[in-house]
Amino acid sequence: HGNIPINSGTSSSSALIASWIGFLAHFSEQRPNWSSKKIAELAHKAEIEEFGEPGGMMDHYSTVIGDVIYLESEPNIYVEKLSPTLGTFVLGDSLEPKDTIQILARVKYGMLAIIDKIKQVDNTFSLHNTSTATIQDYRSILTSDEFLLLEGNFSDRDILREAKTLLSNSTTDHQQFGNLLNAHFENLRDAKQISTPKLNRMVDASLAAGALGAKTNGSGGGGCMFAYAPEQPEKVVEAIEKV
């Protein structure tokens with residue numbers, strides 16, 4: 001039994017399946033000596049690959065390894081555990097139902113279609129290596145919605161890299177961490193369009209109550225948001241509950 005919101009972007013299904021695989025391995029007669037990475041890999045295969053779903057592997061690795069992780073999924077899986085000094089997070093459940101698979105499919109496959117369209121005119125294009133400053137060159141071959149999604153993904157890439165540097169430091173700039181969360185939320189809300197009016201109000205309320213940053217959680221379209229509130233998190237809880 002637990003009070004973790006289900007189907008709300010809190011990785012409850014990934015946590016359950018990773019825990020179950022760990023349990024089976026531990027009590028098996030063969031007792032395989034699987035690493036954390038191996039259990040995460042099997043959890044991803046069981047939950048995503050087996051059913052042909054569009055989700056990624058971040059939830060499984062986060063669950064099994066714990067703390068904060070940096071994850072690359074291509075060209076090879078690379079995971080790095082970070083242990084920054086962070087304060088309190090507040091999780092808010094909008095109680096709005098969400099269609100995780102439909103949202104992930106729209107955002108993921110929409111981006112893959114954009115990449116294919118760009119590579120027809122520029123086969124050197126890469127989400128990893130192309131400079132953010134050069135993506136204006138592709139505006140003429142994309143629709144306005146496609147270009148907005150492209151901009152959002154490049155912005156998220158740059159936010160990720162800045163956050164990795166920030167969270168690898170011996171001391172954490174809490175305000176800058178909050179700023180990066182806010183910038184990421186703007187991309188999720190505007191470019192990927194996966195927030196909702198209620199989640200937007202919950203984010204706004206948490207920031208007004210003193211949170212340093214806040215964003216939707218998981219695939220969006222309902223479910224949860226979280227706020228980073230290292231000071232007076234109770235006020236943030238109260239503000240979210242009022243919404």
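Leaving aside its neighbours within four places in sequence, which residues is Phe125 in contact with? Keep that question in mind as you open this predicted model and follow the stops below.

**Stop 1: Phe125 and its surroundings**

Select Phe125 and show its side chain. Setting aside residues within four places in sequence, its contacts are Ile115, Ile118, Lys119, Thr130, Tyr138, Leu150 and Phe154.

Now widen the selection. Phe125 belongs to the largest nonpolar core, a group of 16 residues. Phe125 is among the members with the most contacts inside this core, along with Met111, Ile114, Ile118, Tyr138, Leu142 and Leu150. Colour helix α4 (100–119) and helix α5 (144–168): each of them supplies at least two residues of the core. The largest share, six residues, comes from α4.

There is also a second, separate core, this one of twelve residues. To find it, select Val90, Met202, Val203 and Ala227, which are included in it.

**Stop 2: Asp93 on a strand**

Next, pick strand β3 (residues 89–93) and click on Asp93, which lies in it. Is Asp93 buried, exposed or partly exposed? Its relative accessibility is 30%, so Asp93 counts as partly exposed.

Show what Asp93 touches: Pro5, Ser8, Met202, Gly223 and Cys224, not counting residues up to four places away in sequence.

**Stop 3**

**Stop 3: One side of helix α3**

Finally, select helix α3 (residues 58–65) and highlight His60, Tyr61 and Ile65, which are buried. Why do these three sit on the same side of α3? Look down the helix axis: they cover an arc of only 105° around it, which puts them on the same side of α3.

Now bring the neighbours back into view. The cover over the buried residues of α3 includes helices α1 (12–27) and α2 (36–49), together with strands β1 (68–72) and β2 (78–82).

Before you leave, step just past the end of α3 to Gly66. Here the backbone takes a positive phi of about 80°.

Definitions and conventions. Residues numbered from 1 in each chain as written. Predicted model: local features only at pLDDT ≥ 70, side-chain atom pairs only at ≥ 80, totals over all residues. Heavy atoms only, no water. Buried < 20%, exposed > 50% of the residue type's maximum accessible area, 1.4 Å probe, protein only. Helix = DSSP H or I, 4+ residues; strand = E, 2+ residues; numbered from the N terminus. Arc of directions from axis to C-beta. Contact = heavy atoms within 4.5 Å. Core = buried A, V, L, I, M, F, W, Y, C linked by side-chain atoms within 4.5 Å.
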